[in-house]
Amino acid sequence: MSNRIDKTIELVKVSFTSRLKGTLNLPSSKSSSTRALLTSAVTTGESKIANVATGFNTISMKKNCERLGATYKEKDGILIVNGIDIHSVNNPIDFDPGNSGVVLRLFMGVAGYLPESRFTTEYENSLGVRSQTEMVHALRMLNVHCESMGEDDRLPIKIKSNRKLANYTEVSCRKSSQFLSGLLYLGAIGNEDLTIHVTDSITAPSMVHTTINNLKRAGGEISFDKDFRTFFVNGKKQLTATNFEVGSDPASTAAILALCGSMNSDVILSGFFEEELGNGAVIQYLLDSGTGIEFLADNKIRISGTPDIRPLDFDGSLAPDAVPALAARAAFANGTSTFYNIEHIRYKESDRISDFRRELSKLGVKSDEKQDQLIIHGNPVGYDGGVTLDGHYDHGLIMALTTIGMHCREPILIKEPYHVGQTYPEYFSEVKYLGAEISELAKKNS
């Protein structure tokens, strides 16, 4: 299946589904795809990317790399990228990250080495309200000039650089590790050594490892201390063109795993990689709480789901993108499940704790929250449904709410479902292919 949900669709109707069965190819990782695209774009020569993702984040990254000067062509399913000499860029550039925090923050890092950059977005109520203070402060410590809106340093943001950077900066990663990843890119494309110290904790260390591994594949030299708090980028080591192969997307994979693991199912998933799923934490959580999982050859797994779900706590720092999906499944457990170490998911496309709870309450799901916790009081009997829910521009919440809707006695409606395309444009058509009762409604006038 490859049908994408149309942006003119205002509502999706999700009805009770008794069983899922079939085989799916998992979508590619947006995190690895965006980094492979950016690394290729800032590297002189021809790089190749296999299995690049197709979601909005990847499209946004590609468009902004084109604004930088990179060009693309596709041959036999491989994306071929002709990168640029970043040192020769002298013109002002307007960047538009869409609703993608990772595109914005990685490019803000690159902008620290560009003469003049301006960042804007049409998503004023989503990305537009997210603070970029951590990145702005870190860039200013490097003698980069930044102009932004308000005390939270919101978009629009203008960045100017004379490329005479300091060799040390500090950054907070309590809200997002993307700030650190952006600075690692800045160090990798510059000519001087850069030391970056994280002043607190890194919320999603797996994503930082994805960045480091990506840059190292292109010849970057990055080291860090035993506490994974201080990072050194060798400025004498320039990036070179290389080849990348992208694995499966963590948010999308977690959504499918949790969905299949919440009901009677027999589903084979192809293209499964654990790289960004907490090094097996999500799989272990599903196994321990009642889902049958069998590892097959050729990066395939078989899910044998059941509605008999055991309550179980989860450390969300291990796999942040999986939290909404697993919490939706926990809504049907026979007891209480606590998702902890997750304050940073408040600063995604939506507040994935408070905004999610707002929609859960409409469904009758009982929950509580703390600053860094989401507590789900499960009900194996299920919920009535019959309500309209807001996806809050957030692919993670839309997929999680879909899981709950398939268990409800009456259909639910989800507004603006096309935002699922941030990572998984084919999501609705593919779960429908497995047997989900889903239909699109209320098409906008064109």
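Student: Why is the pairing of Arg352 with Asp394 called a salt bridge?

Tutor: The closest N and O atoms of Arg352 and Asp394 are 2.9 Å apart. A salt bridge needs a side-chain nitrogen of Lys or Arg within 4 Å of a carboxyl oxygen of Asp or Glu, so the name applies. The pair links distant parts of the chain, 42 residues apart: Arg352 sits in the loop between β19 (336–340) and α10 (354–363), and Asp394 in the loop between β22 (388–390) and α11 (395–405). Helices (H or I, at least four residues) and strands (E, at least two) are DSSP runs, numbered from the N terminus.

One note before we go on: this is a predicted model, where local features need pLDDT of at least 70 and side-chain atom pairs count only at pLDDT 80 or more, while totals for chains, interfaces and linings use all residues. Residues are numbered from 1 along each chain as its sequence is written, and side-chain values use heavy atoms, with hydrogens and water left out.

Student: How many salt bridges does that rule give?

Tutor: The count comes to 15. Another one joins Lys226 and Asp227, with N to O at 3.5 Å.

Student: What makes Lys226 exposed but Asp227 partly exposed?

Tutor: Compare relative accessible areas: under 20% is buried, over 50% is exposed, and in between is partly exposed (1.4 Å probe, protein chains only). Lys226 has 79%, so Lys226 is exposed. Asp227 has 44%, which means that Asp227 is partly exposed. By contrast, Arg352 and Asp394 are both buried.

Student: Why does the side-chain pair Lys362 and Glu359 count as a salt bridge, and where do the two residues lie?

Tutor: Their N to O distance is 3.0 Å, and that meets the salt-bridge rule. Both are in helix α10, 3 residues apart, so about one helical turn separates them. An α-helix has 3.6 residues a turn, so residues three or four places apart point the same way. Elsewhere, salt bridges that share partners join Asp321, Glu349, Arg352 and Asp394 into one network.

Student: How do you know that the length of helix α6 agrees with its number of residues?

Tutor: The expected span is 1.5 Å times one less than the number of residues. For the 13 residues of α6 (residues 205–217) that should be 18 Å, and the end C-alpha atoms are 18 Å apart, so the two agree. After α6 comes Gly219, with a positive phi near 100°.

Student: What covers the buried residues of α6?

Tutor: Those residues are Ser206, Met207, Val208, Thr210, Thr211, Ile212, Asn214 and Leu215. Their cover includes α1 (30–41), α5 (178–189), β12 (222–224), β13 (230–233) and β14 (243–245), where contact means heavy atoms within 4.5 Å.

Student: Why are α5 and α6 called roughly parallel?

Tutor: Their axes come within 9 Å and cross at roughly 15°. Axes are lines fitted to C-alpha atoms, for helices over the stretch in contact, with angles from 0 to 180 degrees between N-to-C directions. Under 35 degrees counts as roughly parallel, over 145 as roughly antiparallel, 65 to 115 as roughly perpendicular and the rest as oblique, so α5 and α6 are roughly parallel.

Student: What makes α9 and α11 roughly parallel?

Tutor: The axes of α9 (residues 323–330) and α11 come within 8 Å and cross at roughly 15°. That makes the two helices roughly parallel. In the contact, Pro324, Ala325 and Ala328 of α9 meet Gly396, Leu397, Ala400, Thr403 and Ile404 of α11.
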